[in-house]
Amino acid sequence: MFSYPTVRASFLFLAIACVGLVFADIAITTVNPWRDLGRFFLGVVTPDFFSTEGLATAILRTVAFAFTGVTLGSVAGFLLALVYRWRVVRMFSAFIRAIHELFWALIFLQFFGFHPLTGVLAIAIPYAGIFAKVYSEILDEADQEPLRLLPPGTGVISAFLYARVPDVWDRIRTYTSYRLECGMRSSAILGFVGLPTIGFYLEASFSQGLYSEAGALLILFYVLIATIPWWVKPKLLPVYIIGAPFFLGEGLPIVWGNVTRFFTQDIVPAPIRNDESWAELGLWFSDLMFNEALPGLWNTVVLTQIALVFTGLLALLAFPLISSHFGGPVRRVSGHVFLVVVRSTPEYILAYILLQLWGPSMLPAVVALALHNGGIIGHLIGRQTSMIRLRSDASVGLNRYTFELIPRVYRSFLAFLFYRWEIIMRETAILGILGVATLGFYIDSAIQNIRFDRAMVLILITALLNIGIDALSRFIRGRLALKTMPTC
Amino acid sequence: MTGIELSEITASFGGERVLGPLSFAVTPGEQVALVGKSGAGKSTLMRLIYQQSNGGATLIPQDLGLVHALPVFHNVYMAQLNRHPTWYNVCTLVRPFQRERREIMPLLEQLGINEKQWAPVASLSGGQRQRVAIARALYRNSGMLLADEPVSALDGPMAHTVMALLQESYQTSIVALHDIELALRYSHRIIGIQDGRIALDEPSARLSEADILPLY
Amino acid sequence: MMNHLIKNTVLALAGIVISTTPVLAETFVFTAIPDEDETKLVERFQGVADYLSEELNVDVRYIPVKSYAAAVSAFRNNQVQLAWFGGLSGVQARRLVPGSEAIAQGEEDAAFRTYFIAHKSTGLEPMDELNPDVKGETFTFGSKGSTSGRLMPEFYIRETFGAAPDEVFSRVGYSGNHTRTLRLVEAGTYGVGALNFQVWEKELEDGSINADDVQVIWKTPTYPDYQWTIRGDVDEKFGDGFKAKVREALLSLDDKALLESFPRTSFIPASNDDYEPIRKVAEQIGILD
C-alpha cells in the first residue's frame, strides 16, 4: 500500500500532525463544559425569534452586504481575469485573496470606520482575487475554435464577447452564485467586528449567554442559506443587485482625511514615524518578529496541520452519512441535515461557540475547523460515491466502505483536502482574534493597542504564509496529479 | 480573388511526421476536392492551408467551431464581426438590427433552419449544427473556402443543395469530401491524399469513381 | 444575458456611490467602550443620548462598538465627538487627537480599583498582598485595551512577580469585557480573573453572583479610570461654547436611574492631567509607544 504516492503523502501529513499534537495546547479548561453545551443546545431547540427587534434588520444587512460585496468582487475579478496572464496581476490577486475578509474589515475600520464601504470592500477585495483566478481558469478552458474562425480584423472586445464568454457563461454563473453563498457566510461573520450583520447580534447574544436568542439567529441563518436556490433566481438577480446597496444601513460618514493619515502615518513603523535611528527600527522589528510574528507563525502552522488531518478524518467518517451505499432514507436525511448545518456555519462562529463552552486552547479551534471543512469535503465525497454504481454482489458494510468506495474516491478526497489546506490556514490565522495564539491574536492585539504599523507587518506575514501554503499545495497536487474544483 | 500556393509543407504530431512534404497550388477560380480515407491527413492539410491564408480564407472545420451557448443567428453573424464597430456588435448581441436580420434570414431559409434562428446551437441536432456552420461560411463570403467534410451529417438532397450553394458562392475552394460522387460532381480538380502524401492530382472531368476508390 | 450584466453593474456601482455620500446632518455622536454586556450598554447610553439631546438641543446619537480600539478609532476619525472611555483608552484617544479633553469623570473614577476574583476550585482565599499562591492558575483579563481589566492588573502582576502574566499563570486569556470575566471565572473556565470593581459590586447587589463559586481574593490600590472625553473641534462644528455646555450637562446629570446604570453617584470635573499615572503605567508595560 505504501507504494502509492497518495498513501505516502497521507501518512506524512498524519505524522506531521502527530508531532504537532505534542506541541499543541489542547485542553478543556472549563470546569463544567457539558453543562454549557447542554444550555446551548437547549437554546437552539427553544429559539426565541422575538427577543431582538434587530433580527430582521440583521438578516437584511447580511444579505445586502453579501450581494454588494460579491457583485463588486466578481466584476473586479472578471476584469482582473482578462489580464491574468500578466505576472503582476497574478501576484496581486494572490496577495489580496491571501488576506482574510475579517482582516480586511479590521483594516478598513481604521479609516472608513463604521461606514458600509468597510463591509462591502472587506468582502469585495479578497473575493476579487479569488474570482480573478477562477474566472481566468474557466476562460482558459473555453473552446478556442470559434476564436480562430473569426474574420481577421475583428475587434478584441467583439471577439471576446462572441467567441469566448458565451461558451463559459454558464460555468461563470454557477461559480458566481456558489460564491454568493460563501459571501453570506463572510457577511455574517463581519458582524463580529462591529458591522451590522448577523454576527453582531450573535456575538451579543452569546457573550451574554442568551442561548435562545443565539439559537434563533443561527436557525434563521441556516434557513437563509438553505433556501438560496428558491429566493435567488436569475430573473430576480438584477433586483437584488440594484437593491442591495440601499440596504447596507447608514453607518457613519467617512472622513477622507483619515484615509490619508492611515496610509501616510499610521502604518509607518513607529521608529521611522518618530525620526528615530535605524538601530531603533532594527530593535522594533526584531521585537515584533521574535515576540509576536514567530510565536504566531508557529502556532498557526501547528494548528493548521492538526486541523487539516482532523478535517480529513472527519470527512472520511462523515461521507457515508449521505452516501446512497449505506443506511436507509432516514439516516441519509439526518446525515444531510447534519452536514448542511456544519458546513453552513462559518468556522469562526463554530470556534466562537466552542471557545465559550470549553475554554481557551487550540481544541475548540481544531474541532471547529475540522467540523466545518470536514462537513464540506464529506458532503462532496458522499455525493460522488452516490454516483458510483457497484456490482450487485458487492460486499456490504465496512468491507464496502474500505474495499469498494475508499479506493475509488481517495484521490478526489485528497484533492479537496489539499485544496482546503490554504483555506484552513487562513481561518486558523483569523481564529486568533478569538484568543487562540495564532497570528490573528497578535494582529488583534496590535490593533487593540492602536499600533497599526505592527498590525500591518503581521498581516503581511500572514498573507505571505498563505501564498506559500497555496504554492506548496499546488505543487503537491501537481505531483500527485490531483484535480479538483474550487470550494470555499 | 485569391489562390494558394503550398511548397514542401510538412506536419508532425508527437515527433512523427503525419503529412508531407507536399506541394501544390490552387489558382483563383479553381474548385478543388480533397479525397482520401480518414486519417490520411486531410484535416491537417486543411488547417495548414487555413493558417497560411492568415484567416483570409473561410474555414468550415470538421468540428464546426460553433459557440454552443449562442443562438443560430449570432453564430452566423460572427462571420462579419470585423465589418462593424464594437458598439454595433455589442448591440447586436443584445438585440440584432433589422439589416442583418434581413441578410441572414434568407441564408437560413435556403438551408432549412430558419425556424431555429433564435435557438441556441446547443439545442440543435448534428445535421442542423452543420448547416449553421455552412450558413456562417456563406455569410462570411471571403475569397476562398476551406471546408472539411461540410456535408458529412446531411442527408442526400440537402447535401446536394449545400454543395451547390457553396460552389455558387465560392469560386475558389478546397473541400475535403468523403463522398466520391459529390467530389466528382462539385469540383474542377481532385487531389487524393494517402499516408500524408499526394497520391492523385487530376482534373475531375478526367476521373471516374474507379480511379479514386483505390485511395480508400 | 450580457446586457443584464452590464446594466446591473453600472446600477450597482451607482448605488454604492449614492449610498456612500456622507449625510451632512449635524448630529452629535458619541460612543462608549464596550466594557459590559451589550444590552446594558445600549440601555444606559440610549438614556444618556436622550438626556443630552434635551439639554443641548441637538440630535444626539449613541453608536455601540465591538471593541475598545473601535471606540478609540471612531473618536480619532471624528465619527464620534464624545466618548465614555476607560483610563487607558482615554489616554490613547487624547494622544491621537490633539486638543481633545477629559471633561468629566464619575465620582468613583478618581479612586478606581481592580478586583482579582477566583473560582472556589482554586482554593484561593482573600489576601492582603498579591501572593505567590496564584501562580500556576489559569487567568483571564477583560478586554486587551481595558484599564481595570488589563492594564492595572498586568501592572501589579509584573510589579509583584517581576514577570509577564503568561510566565506567572499557566494560561492567560482575554475575556472581552468585565461581565464575561465574571461569568468565566464563576463557571470555572478560568481559575482567576481581574475585573472592574464597580461591575462586581453592582452584580453582587443585583444578586447575580453565585457567592459559593467565586469570591474576591485581592483588591488593587486605587487609580484614576473612566472619563468622558470630547474632541477639541466641537465648538467649530456645533457653535461656540458647545464643549462647555456638554460638560455642564454631564456634571449636572442627576437622574438617579441613569447614574445607577453606570453605576456612579455623580459626575465630577476631570482633566487630562488626572490620567498621567495611567499613561506612565501604559508606557512602562509597553502598551503605549
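Which residue of chain C forms a salt bridge with A:Glu203? The partner is C:Lys66, and the closest N and O atoms of the pair are 2.9 Å apart. A salt bridge here is a side-chain nitrogen of Lys or Arg within 4 Å of a carboxyl oxygen of Asp or Glu.

This is a predicted model, so local features need pLDDT of at least 70 and side-chain atom pairs count only at pLDDT 80 or more, while totals for chains, interfaces and linings use all residues. Residues are numbered from 1 along each chain as its sequence is written, chains are lettered from A in the order in which they are written, and side-chain values use heavy atoms, with hydrogens and water left out.

**Where chain C meets chain A**

- Chain C brings 49 residues to the contact and chain A brings 60 residues, where contact means heavy atoms within 4.5 Å.
- Between them, the two chains bury about 4700 Å², with 58% of it on carbon and sulfur atoms; buried area is the accessible area (1.4 Å probe) that two parts lose on being put together, summed over both.
- On the chain C side, C:Lys66, C:Gln79 and C:Lys144 lose the most area to chain A, together 15% of what that side buries.
- There are 4 salt bridges between chain C and chain A.
- Several elements of chain C each supply at least two residues to the side that touches chain A, among them helix H1 (2-20) and strand E2 (59-63).
- The largest share of that side, 12 residues, comes from H1(C).
- Helices (H or I, at least four residues) and strands (E, at least two) are DSSP runs, numbered from the N terminus.

**Strand E3 of chain C**

- In a regular strand the side chains alternate between the two faces of the sheet.
- Strand E3 (residues 82-85) of chain C has both faces covered: C:Leu82 and C:Trp84 on one side, and C:Ala83 and C:Phe85 on the other, are all buried.
- Buried means under 20% relative accessible area, exposed over 50%, and partly exposed in between (1.4 Å probe, protein chains only).
- Strand E1 (residues 27-32) of chain C runs parallel to E3(C), joined by 3 bridges, and C:Thr31 has C:Ala83 as its bridge partner.
- Strand E10 (residues 227-230) of chain C runs antiparallel to E3(C), joined by 4 bridges, and C:Phe85 has C:Gln227 as its bridge partner.
- Two strands pair if DSSP finds at least two bridges between them.

**A glycine in helix H4**

- C:Gly90 lies in helix H4 of chain C, and C:Gly90 counts as buried because its relative accessibility is 0%.
- Leaving aside neighbours within four places in sequence, C:Gly90 is in contact with C:Phe85 and C:Gln227.
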